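This briefing is meant for a reader meeting the structure for the first time. Please keep the sequence and the 3D view at hand while going through the points below.

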Amino acid sequence: MSALTPKPAYYRPVVADGKVFPVARSNYLSLIEFPNSWHAPRLRLVNGKWLLIGVHEGIDISAERGSPILSMEPGVVENVGWTFYSGTRVGVRGVDGRYYFYAHLSSVQQGIVVGAHVSAGTVLGLVGNTGYGPPGHRDEFPPHLHFGIEVGAHWVNPYSTLVSLYAATVGSTDQWQTELDRLASTGRSSAWRAMAQRIYMSLSPASGE
Ligand SMILES: [Zn+2]
């Protein structure tokens, strides 16, 4: 495998209560942000006028294009493909009966098809900014994952679940931060890079864990 086709590498999925935070790092300097955008007003331009058409029924997780999207919950893929507003999206029926919705993908992972079984942490696709147009349309907004959970016929606020899963993910690497800081303070950038790579990007546990 050449340097031009690197192995997929991303933040180690950390399972907490059987669930995984749905976006992984695409590199060890990746920034992942998710302000609480639940029920934020949503406007659409209709015949030249901005109309309030509803509220936001999910959380937007900002991340770089190409960041891996991980299934939060084990389950079965129920929907894959294009819708006007969601762009390329994947929907998973969780083993808990809830519907887990991932939208605006730049691409869908090979093997993610209707009926496929996924685990918590299975890669569903990559972050993008598709949607608001015909199939393939993109770039109407910055790359992010729109994430939603539907229970019965109602979307529920996934924010607190996301916060606790993100805390579990970041917390699992806290023990290494002191060593990273020490390397940074000595200016040993190659050693720092190697350690950051191992902590944040490896699919196998960091040594000593
Ligand atoms: Zn959204």
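Helix H2 is followed by Gly 187, whose phi is positive, near 75 degrees; helices (H or I, at least four residues) and strands (E, at least two) are DSSP runs, numbered from the N terminus. The structure is a predicted model, in which local features need pLDDT of at least 70 and side-chain atom pairs count only at pLDDT 80 or more, while totals for chains, interfaces and linings use all residues. Residues are numbered from 1 along each chain as its sequence is written.

**Confidence and overall make-up**

- The chain averages a pLDDT of 87, and 90% of the residues score at least 70, where pLDDT is the predictor's confidence in each residue, from 0 to 100.
- Over residues 1–9 the pLDDT is below 50, and this stretch has 3 contacts in the model beyond near neighbours in sequence; two residues are in contact if their C-beta atoms, placed from the backbone, lie within 7 Å.
- Residues 204–209 also have a pLDDT under 50, and the model gives them 3 contacts beyond four places in sequence.
- The secondary structure comes to 3 helices and 12 strands.
- Of the 209 residues of the chain, 34% count as buried; a residue is buried if 20 or more other C-beta atoms lie within 10 Å of its own, exposed if 12 or fewer, and partly exposed in between, with C-beta atoms placed from the backbone.
- Among the contacts in the chain with a separation of 6 or more, 59% are between residues 24 or more positions apart.

- Helix H2 (residues 174–185) has 12 residues and reaches 17 Å from its first C-alpha to its last, close to the 16 Å expected at 1.5 Å a residue, the expected span being 1.5 Å times one less than the number of residues.
- The number of buried residues among the 12 of H2 is 0, so this helix lies largely in the open.
- Helix H1, with 13 residues, reaches 18 Å from its first C-alpha to its last, close to the 18 Å expected at 1.5 Å a residue.
- The buried residues of H1 are Thr 161, Leu 162, Leu 165 and Thr 169, and seen down the axis of H1 they fall within an arc of 95 degrees, so they line one face of the helix; the arc is that of the directions from the helix axis to the C-beta atoms.
- These buried residues of H1 pack against strand S3, whereas the face turned away from the buried side carries the exposed residues Ser 160 and Gly 171.

**The nonpolar core**

- A nonpolar core is a set of buried Ala, Val, Leu, Ile, Met, Phe, Trp, Tyr and Cys residues joined through C-beta atoms within 7 Å.
- The largest such core has 34 residues, of which Val 20, Val 23, Ile 61, Ile 69, Val 90, Tyr 102 and Leu 145 touch the most other members.
- The elements that each supply at least two residues of this core include strand S3 (59–62), strand S7 (99–105) and helix H1 (159–171), and the largest share, 5 residues, comes from S7.
- Not counting residues up to four places away in sequence, Tyr 102 touches Pro 22, Ile 69, Arg 89, Val 90, Leu 124, Leu 145 and Phe 147.

**Strand pairing**

- An open sheet is formed by 3 strands in the order S4-S10-S8, with antiparallel pairing, where two strands pair if DSSP finds at least two bridges between them.
- The edge strands of this sheet are S4 and S8 (107–108), each of which pairs on one side only.
- S4 and S10 pair in the antiparallel sense over 3 bridges, and Leu 70 stands opposite Val 123 in S10.
- Strand S1 (residues 41–46) is hardly covered, since the count of buried residues among its 6 residues is 0.
- S1 is joined by 6 bridges to strand S2 (residues 49–55), and the two run antiparallel, with Arg 44 standing opposite Leu 51 in S2.
- S1 and S2 form a hairpin with 2 residues between them, and Asn 47 in the turn has a positive phi of about 50 degrees.

**Two residues of strand S5**

- Asn 79 lies in strand S5 and is partly exposed, with 15 other C-beta atoms within 10 Å.
- Leaving aside neighbours within four places in sequence, Asn 79 is in contact with Arg 89, Val 90, Gly 91 and Val 114.
- Thr 83 is also found in strand S5 and counts as partly exposed, because it has 13 C-beta neighbours inside 10 Å.
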